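Please keep the structure in view as you read.

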Amino acid sequence: MVAHERKIELETHARIERDAATSRRAFLSGAAVLGATGVMASSGSAFAHSPVAGLPAQPPAGFTPLSAPGRVVKVSKAGCLEANRLFPKADDAREMLRRALAELTGKAELAEAVKSFVHPEDKVCVKVNGIALQNMATNKELVLPFIDAMIAAGVAPTNITILEQYPGFMQGTRINARNVPAGVSVVWHTNSDATMDWRDIAGTARHTKFVRPLTEATALINFALIKDHAICGYTGALKNMTHGCSVNPQDFHDHHASPQIAILSAQDVLTSRLRLCIIDGFKLMAHGGPLYKHPEYVTPHEAVYVSTDPVALDAIGADLVEKARLGFGLKSLADEGRPPAYIQAAADLGVGIADRAKITLRDITI
């Protein structure tokens, strides 16, 4: 079984490379499509879909999760990486998370801040990202304090699931059944664990299923990264959900995955569950993503970002990647023919705010 799962992972990595090459060849066609869909997206109706009974989630009765569109908090701490430059120091990561959520919620204690996003009656799916394996994954030092805080806030461990696509990707985060609180599930969906019916995704001529650990949850906590992506230019909060929580992500890579990421992110399966996005910004990947093909373009960033708005986070993250590329003497993503146009498309669909003039970034150094 392990060998079979590893074969699937290798095939996934190879498919990413093939899709990236195909997407570049289709750039001119994709640009035309984006131009057309941009007009449609502005009306808000082109990608509308009929709600499917049972798939939109509802918060527990009487609970209203915090929502702060366009508001982002960044906490930086110099020297927060271990000597290996791969992982953050556990105490620093926890304090950076606490400080960021305190600023976002106004509640100083981590468990109290977490109560702004989850309720004791919630079933919580925590999506992590380990596709670049241990070299650059969402780090357990950031994820596990949030898990502990949810339990302290009253969420039963048996109602918490940490999710990734493949076992090797989960191993990259260094999260496993031995280092999470008893009762917490650590699972992977292998693009197959789904119970919902196929849903046609309007505007894409494709259909998909979101995976069972997500659809059985009432709340989604999204741990993502700041990374270049060979197909769509940038991968952060939005793509970690849309392509990380569906059974056929490869079917939504055409034309640099724009506007497919936007359309998927606007599905009620995601919008009704997403409570909080946390960006593990201890490192930044300016080129060679989403894998770890060019470590020379991975640089320390030593920051944590939090927001309820995935679009605002991605607008900021994409700018950071562009600035890093400039510093390395690389072409811009637009000049390479893979601008992350899906970010603005997601804003046009009401998923969040992409206009930097309308995003409030609270930048804290500790």
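pLDDT is the predictor's confidence in each residue, on a scale from 0 to 100. The protein chain averages a pLDDT of 89, and 85% of the residues score at least 70. This is a predicted model, in which local features need pLDDT of at least 70 and side-chain atom pairs count only at pLDDT 80 or more, while totals for chains, interfaces and linings use all residues. Residues are numbered from 1 along each chain as its sequence is written, and side-chain values use heavy atoms, with hydrogens and water left out.

**The chain as a whole**

The protein chain holds 12 helices and 12 strands; these are DSSP runs numbered from the N terminus, with helices (H or I) of at least four residues and strands (E) of at least two. Of its 366 residues, 58% are buried, where buried means under 20% relative accessible area, exposed over 50%, and partly exposed in between (1.4 Å probe, protein chains only). Contact means heavy atoms within 4.5 Å. Among contacts between residues at least 6 apart in sequence, 76% join residues at least 24 apart. One stretch calls for care: over residues 15-53 pLDDT stays under 50, and the model has 54 contacts beyond four places in sequence for them.

**A helix pair**

Two packed helices are described by the angle between their axes and the distance between the axes. Axes here are lines fitted to C-alpha atoms, for helices over the stretch in contact, and angles run from 0 to 180 degrees between N-to-C directions. How do H3 and H5 cross? The axes of H3 (residues 90-105) and H5 (residues 140-152) come within 8 Å and cross at roughly 55°. H3 and H5 are therefore oblique to each other (under 35 degrees is roughly parallel, over 145 roughly antiparallel, 65 to 115 roughly perpendicular and the rest oblique). On the H3 side the contact is made by Ala90, Ala93, Arg94, Leu97 and Leu101, and on the H5 side by Glu141, Leu142, Pro145 and Phe146.

**Two partly exposed residues**

Thr299 is found in strand S11 (residues 298-307), whereas Asn179 sits in the loop between helix H6 (167-173) and strand S4 (185-188). Thr299 counts as partly exposed because its relative accessibility is 27%; Asn179 counts as partly exposed at 26%. Leaving aside neighbours within four places in sequence, Thr299 is in contact with Lys283, Leu284 and Phe328, and Asn179 with Lys140, Leu144 and Arg174.

| Pair | Apart in sequence | C-alpha to C-alpha |
|---|---|---|
| Thr299 and Ala324 | 25 residues | 8.6 Å |
| Asn179 and Lys140 | 39 residues | 9.1 Å |
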